[in-house]
Amino acid sequence: RKLVVLISGTGSNLRALLRAIDDAAGTPDDLGARVVAIGADTEAANLALGDEFGIPTFVVPPAEYPDRTTWGDALLARIREYGPDLTVLSGFMRLVPPSVVRGLAPALLNTHPSYLPEFPGANAVRDALTAGATRTGATIMIVDDGVDTGPVIDQVRIAIEPGDTVSALHERIKTAERRLLIETVRGIAHGRVDLVSLTAAAHSDAM
Ligand code: GRF
C-alpha cells in the first residue's frame with residue numbers, strides 16, 4: 001500500500017509509523033505499506049522527517065488560495081500526484097474540504113486524541129480536562145464531511161490521572177494513537193480492516 005501522510009506539527013505520530021514500517025519490514029508483522037509522500041499545510045510542520053526518512057514532501061498553504069475550495073482542489077491534486085492507496089491525517093490541523101473527502105474516501109483516515117464522539121474538535125485533550133472527565137481516549141476513524149464524525153475504525157480508553165496537564169495527558173494519548181494507527185495500516189494491508197464495509201455500515205446506521 002502506498003500512503004500519503006499529512007501533518008501540521010511535530011509529526012511524532014508519523015515518526016512512530018515510519019519507524020514501525022521500517023522495524024517490521026520483511027517480518028510477518030510487516031505493515032504492507034510505505035509512505036510515498038509527506039504533505040503539510042505550513043512550512044512550520046516537521047518536514048525534516050522527509051529528509052530523515054528519504055521521503056518527498058510538499059506544502060499546500062491555505063494562505064496562498066482565495067478560498068477553502070480552491071485550496072482543497074490544490075491539496076487533492078498534490079496528493080494524487082503520488083497515487084496513494086491510503087491517505088492519513090496525522091496531526092493535520094485543518095478541516096479537509098468536502099471535495100477532498102469525496103476524492104479520497106473511504107481511504108482517508110484520521111487519528112483523534114479523545115474517545116469519539118466525546119470531545120471532537122481541535123482542543124480535545126484540553127476539553128476533557130476542563131470537563132473534569134476521569135477518562136478519555138484515542139480514536140482512529142475514516143474521515144467524512146463532518147468534524148470528527150466519520151466511522152470509527154478503532155478506539156481505546158485512556159485514564160486521566162489527578163494532576164494531569166494537557167501535555168502529559170496528550171503524550172499518553174498519542175502513544176495509543178500511534179498503536180491504533182500502526183495496527184490499522186497493518187490491518188488494511190492484511191485484509192482485516194475493510195474501509196468500504198465500515199463506511200457502508202455507518203451509512204446504514206445513519207438511515
Ligand atoms: C495528535 O494527537 C493528533 O491526533 C492531533 O494532534 C496530535 C499530533 O501530534 N490532531 P504529532 O504532530 O503527531 O506529534
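1. Let me begin with a proline. P117 sits in the loop that runs between β5 and α5, the latter spanning residues 124–130. The peptide bond leading from L116 into P117 is cis, and its omega is near 10 degrees. Please keep in mind that this is a predicted model, so a look at the local geometry on your screen is welcome.

2. The loop between β5 and α5 also holds F119. Although F119 is not a glycine, its phi is positive, at about 50 degrees.

3. Where does P106 lie? The answer is the loop between α4 and β5. A cis peptide bond joins A105 to P106, with omega at about 0 degrees.

4. One more backbone point concerns D148. Its phi is near 60 degrees, which is a positive value in a residue other than glycine. You will find D148 in the loop between β6 (135–142) and β7 (152–159).

5. Now to the ligand. Which residues are around it? They are T10, G11, S12, N13, G91, M93, T111, H112, P113, H170, K174 and E177. Sorted by class, this shell has 8 polar residues, 2 nonpolar ones and 2 charged ones.

6. Which elements each supply at least two residues of that shell? They are α1 (12–24), β5 (108–112) and α6 (166–189). The element that gives the most is α6, with 3 residues.

7. For K174, a polar side-chain atom lies 2.8 Å from a ligand oxygen. For N13, a polar backbone atom is 2.9 Å from a ligand oxygen. For T111, a backbone N or O atom lies 3.2 Å from a ligand oxygen. On its own, the ligand has 370 Å² of accessible area, and the protein covers 91% of that.

8. What is the largest pocket in relation to the ligand? The largest pocket is the space that the ligand takes.

9. The record can be set beside this picture. In UniProt, an unreviewed entry carries the annotation "binding site" over G11, S12 and N13. In the model, G11, S12 and N13 are part of the lining of the largest pocket. G11 has its place in the loop between β1 (2–7) and α1. G11, S12 and N13 are also among the residues around the ligand.

10. The "binding site" annotation in the unreviewed UniProt entry also covers R68, M93, R94, L95, V96 and N110. In the model, the lining of the largest pocket takes in R68, M93, R94, L95, V96 and N110. From this set, M93 is also listed among the residues around the ligand. As for L95, its place is in the loop between β4 (86–89) and α4 (98–104).

11. The cis bonds at L116 to P117 and at A105 to P106 could go in a separate paragraph on the backbone, together with the positive phi values of F119 and D148.

Notes: Residues are numbered from 1 along each chain as its sequence is written. This is a predicted model: local features need pLDDT of at least 70, side-chain atom pairs count only at pLDDT 80 or more; totals for chains, interfaces and linings use all residues. Side-chain values use heavy atoms; hydrogens and water are left out. A residue is near a molecule or strand if one of its heavy atoms lies within 4 Å of it. A polar contact is a pair of N or O atoms within 3.5 Å; within protein, one must be able to donate a hydrogen and the other to accept it, and residues adjacent in sequence count only if both atoms are side-chain atoms. Accessible areas come from the Shrake-Rupley method with a 1.4 Å probe; for residues, only the protein chains shown count as cover. On a 1 Å grid over the protein atoms alone, a cavity is a set of points where a 1.4 Å probe fits but cannot get out, and a pocket is an open set with protein on both sides within 12 Å along at least five of seven lines; lining residues have an atom within 4 Å of a point. A molecule sits in a cavity or pocket if more than half of its atoms lie within 2 Å of its grid points. Helices (H or I, at least four residues) and strands (E, at least two) are DSSP runs, numbered from the N terminus. Ala, Val, Leu, Ile, Met, Phe, Trp, Tyr, Cys and Pro count as nonpolar, Asp, Glu, Lys and Arg as charged, and the others, Gly among them, as polar. UniProt positions are given in the numbering used here, feature names are shortened, and annotations may be inferred rather than shown by experiment.
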